[in-house]
Amino acid sequence: MTSTPPFRLGRRTVLAATAATAAVAAASLGGALTRPLFAAQPAAGAAFDPALLDRAVKRAAGLDQIHALVIGRNGTVVSAEAFRGPAVNRAVNVKSVSKTIAASLAGIAIDRGVLRGVDVPLAEAAPGLVPAAVDPRVRRITIADLLTMQAGLEPTSGPGYGRWINSRNWVVDALRRPFVTEPGARMLYSTGSYHLLGAALSSASGRSLLALARDWLGEPLGIEVPSWTRDPQGFYLGGNNMALSPLDLFRFGELWRQGGLWNGQPVISAAWVEASWVPRTRSPFSGDDYGYGWFLAKAKGHRIAYARGYGGQMLYLVPSLGLTVVVTSDPTRPARSDGHVGLLNALLTDDIIPAAEMA
């Protein structure tokens with residue numbers, strides 16, 4: 001991520017730093033995995049340089065594609081503002097941030113023994129999903145390949161998305177696409193991979209992805225998870241079109257920033273948080289690393305994990321500063337790494353991070 005583009009609350013509300021969600025110290029994860037994101041603990045408190053924070057909010061207001069911005073430090077929301085579009089407590093389509101949520105549910109499923117682990121083949125985790133007439137390599141695709149979008153199959157995103165969602169069976173269509181590369185070889189950004197993951201979670205648990213999201217995330221976090229798109233067989237779309245309010249997405253981000261804890265209780269295991277933030281492949285578009293559902297980058301010497309959705313739906317975590325930042329944008333307009341998303345990256349790098357560093 002670079003500092004230039006490559007990388008009913010009121011509709012305009014700034015919350016005082018003292019009006020707070022209680023902060024919970026971020027967990028130190030340690031362990032054998034390399035490059036843990038929680039290498040350093042942030043200083044306590046929610047302080048920002050007020051002039052730099054005000055500059056960040058004003059800069060965001062001038063980006064006509066942004067709808068809302070939420071900034072928090074160590075669990076305290078210090079600024080929550082909707083410049084246009086719905087208020088910050090209203091659910092909006094978070095597009096492919098859904099992939100990060102689905103990856104979280106996969107981790108919880110592993111924690112609870114619903115899935116045996118990431119190295120289990122899809123054909124073993126959910127044997128009923130794999131049709132007979134498929135390339136034999138399909139049976140080598142693992143849960144990890146789906147989480148990292150390294151299934152090797154022709155992507156369903158981009159030019160192939162319309163044909164895919166107009167098919168009679170989204171799971172079968174995704175699995176019968178030709179192989180572009182071998183399973184596990186490289187990242188091919190594809191919503192179909194995450195739809196297969198969501199269908200596997202549903203099949204293995206005997207519950208819908210909506211029910212899992214509400215039970216495993218919505219209930220402990222106290223957030224609303226509305227229903228969203230389903231395929232012709234009734235599987236909820238695993239990698240797109242979920243909806244959360246910006247404030248609820250902030251809570252989801254805080255769960256991760258705190259190492260899987262909410263109000264001191266584990267919702268996601270620390271081991272899964274750490275495993276998810278280990279670089280495992282690289283985006284062919286932004287060039288940033290990718291773990292299990294999270295993009296991974298650096299800015300001003302700080303390691304960052306972020307979730308990204310079409311149009312500029314962004315969730316940024318900077319654990320070394322205790323930062324959680326949510327941006328929602330117009331979901332109908334494209335947002336490339338060298339366009340709107342680049343401007344959002346610059347907003348984080350040039351304004352929000354310095355506001356925290358200078359406090």
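## Basis and overall content

The model is predicted, and local features need pLDDT of at least 70, side-chain atom pairs count only at pLDDT 80 or more, while totals for chains, interfaces and linings use all residues. Residues are numbered from 1 along each chain as its sequence is written, and side-chain values use heavy atoms, with hydrogens and water left out.

The secondary structure of the protein chain comes to eleven helices and 13 strands, where helices (H or I, at least four residues) and strands (E, at least two) are DSSP runs numbered from the N terminus. Of the 359 residues in the chain, 60% are buried, a term that stands for under 20% relative accessible area, with exposed meaning over 50% and partly exposed in between (1.4 Å probe, protein chains only). The accessible surface is about 13,500 Å², and 52% of this belongs to carbon and sulfur atoms; such areas come from the Shrake-Rupley method with a 1.4 Å probe, and for residues only the protein chains shown count as cover.

## Helix 9

Helix 9 (residues 246-257) has eleven of its twelve residues buried, so it is largely enclosed by the rest of the structure; among the buried residues are Asp248, Glu254, Trp256 and Arg257. The end C-alpha atoms of helix 9 are 16 Å apart, in agreement with the 16 Å that twelve residues should span at 1.5 Å a residue, the expected span being 1.5 Å times one less than the number of residues. Just after helix 9, Gly259 takes a positive phi of about 75°.

Phe295 stands opposite Tyr306, whereas Ala307 has Leu315 in strand 12 as its bridge partner. In the hairpin of strands 10 and 11, with two residues between the strands, Lys300 takes a positive phi near 50°, and in the hairpin of strands 11 and 12, with three residues between them, Gly311 takes a positive phi near 90°.

Terms used. Two strands pair if DSSP finds at least two bridges between them.
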